[in-house]
Amino acid sequence: MKKHFLSILLLTSVAATAQPVLETGSQKPMPHTWIDASTKHTIVRLSNKTGRNASFYFHNNPFVGNKMVFYSTDSTNGRQLYTVDLNTRKIEQLTHQGAPMNGEIVSAKGHNVYYQIKDSVFVTNIDTKRTSLVFVFPAGFKANITTVNANETLLAGARSTDAEKEIFRQNPAKHDYFQKIYEARLPRTLFVIDIDSRQLKPLFTDSAWLNHVQFSSTDPNLLMFCHEGPWHKVNRIWTVDVRNASKENAKLMHKRSMDMEIAGHEWFAPDGKTIWFDLQQPRGSTFYVAGVNVKTLQEKKYQLQRNEWSIHFNTTPDEKLFAGDGGDPGQVAKAPDGRWIYLFRPEGDHFKSEKLVNMQHHNYKLEPNVHFSPDGKWVIFRANFEGVEQVYAVKI
């Protein structure tokens with residue numbers, strides 16, 4: 001009951017005063033709260049602080065209780081991690097690091113956030129703000145962490161070669177490096193780090209471009225990864241049990257069934273039973289959000305229209321609602337009217353869509369990366385329609 005009460009405080013505070021009805025992005029800055037003139041949905045800016053502020057990548061959980069972790073870059077503190085209380089909108093700074101940091105890894109279990117500075121992994125507790133060193137990569141194994149498991153005993157990631165890093169350095173734009181990395185077939189190694197013992201354990205190495213490493217939301221031993229590359233050329237989505245990990249024991253989650261089929265931007269359902277993903281059969285033609293059962297490999301899929309296709313999708317904890325961040329005409333769907341934040345309700349074999357935010361003033365070089373709030377009442381996203389990157393929530 002207490003949790004439910006807390007979850008509606010933000011809604012109550014918004015409703016307490018009349019909000020202006022405005023075209024989203026039509027003025028810079030927008031007010032802290034407004035009603036989208038196109039959709040009639042209430043929008044709140046969560047990152048009310050100076051500088052550029054950004055929410056997490058779509059499959060990285062940012063929530064601990066009623067707080068959301070985000071990162072910010074301003075002129076005085078550089079890139080740092082912060083929390084915003086979704087009830088009161090109070091912002092607190094978590095980190096005070098003097099060197100560039102990266103990592104979007106939150107453990108709801110221990111109320112911790114993990115991140116990396118050069119070869120060192122740190123953890124900061126969200127409640128106490130205490131920071132400690134977790135692990136230092138040895139000279140012969142420089143790598144990056146990307147995920148923590150459900151019981152907060154393991155971190156994981158993928159190690160790349162110096163040759164691959166050089167390709168990135170010489171070709172910083174994605175349209176330049178993407179095909180080059182894929183064709184190079186350089187080895188990548190999956191690994192885990194035991195948080196308690198601080199021991200590094202390589203799992204296996206493959207000449208495939210191992211990427212998007214994610215632990216299951218519920219099974220502490222199940223690790224998902226992808227074979228990165230042009231999606232129409234790869235069988236992308238794989239899992240492996242870290243207790244018996246090898247290239248031979250890796251399990252393909254979805255096998256391409258036709259020429260130019262693509263599947264990607266995969267994520268675990270909150271209950272860990274399903275991996276959801278963007279499915280196109282074929283690429284740029286017929287669009288679905290599909291899910292595969294991690295144990296049985298049984299699949300289900302919901303069709304959506306070209307304009308409804310989104311760069312990323314997400315779902316509520318009960319999987320009754322989905323959201324998408326839309327896309328501009330330059331994306332794979334070539335959608336003429338796709339620049340919206342969408343809400344989707346499954347109906348039979350398709351999605352029924354509802355537009356939440358007009359994103360016509362947003363530059364889609366910044367991907368919005370939608371998340372549902374823990375109570376399922378808001379969709380949280382990042383956008384630049386005010387001229388700088390900020391974090392917002394739109395009321396469902």
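# Pocket linings and strand pairs

Q: Which elements each supply at least two residues of the lining of the largest pocket?
A: They are β9 (102-107), β13, α3 (162-170), α4 (174-184), β17 (209-215), β21 (262-268) and β22 (274-280). Helices (H or I, at least four residues) and strands (E, at least two) are DSSP runs numbered from the N terminus. The model is predicted: local features need pLDDT of at least 70, side-chain atom pairs count only at pLDDT 80 or more, and totals for chains, interfaces and linings use all residues. Residues are numbered from 1 along each chain as its sequence is written, and side-chain values use heavy atoms, without hydrogens and water.

Q: What makes a residue part of the lining of the largest pocket?
A: A lining residue has an atom within 4 Å of a pocket point; a pocket is an open set on a 1 Å grid over the protein atoms alone, where a 1.4 Å probe fits, with protein on both sides within 12 Å along at least five of seven lines. The largest pocket is lined by 49 residues, with K174, Y177, N211, H212 and E228 nearest its centre.

Q: How is the lining of the largest pocket divided by class?
A: It has 20 nonpolar, 14 polar and 15 charged residues. The lining of the second largest pocket divides into 18 nonpolar, 16 polar and three charged. Asp, Glu, Lys and Arg count as charged, so K174 and E228 belong to that class. H59, N60, N61, S217 and P270 are closest to the centre of the second largest pocket, and β9 gives the largest share of its lining, four residues.

Q: Why are β13 (144-148) and β16 (199-206) placed at the edges of their sheet?
A: The open sheet has the order β13-β14-β15-β16, with antiparallel pairing. Each of β13 and β16 has a single partner strand, so one side of each is left without a neighbour in the sheet.

Q: Which strands pair with β30?
A: β29 pairs with β30 over two bridges in the antiparallel sense, with H371 opposite I380. Six bridges join β30 to β31 (residues 390-395), also antiparallel, and Q390 is the bridge partner of A383.

Conventions:
Pairing = 2+ DSSP bridges.
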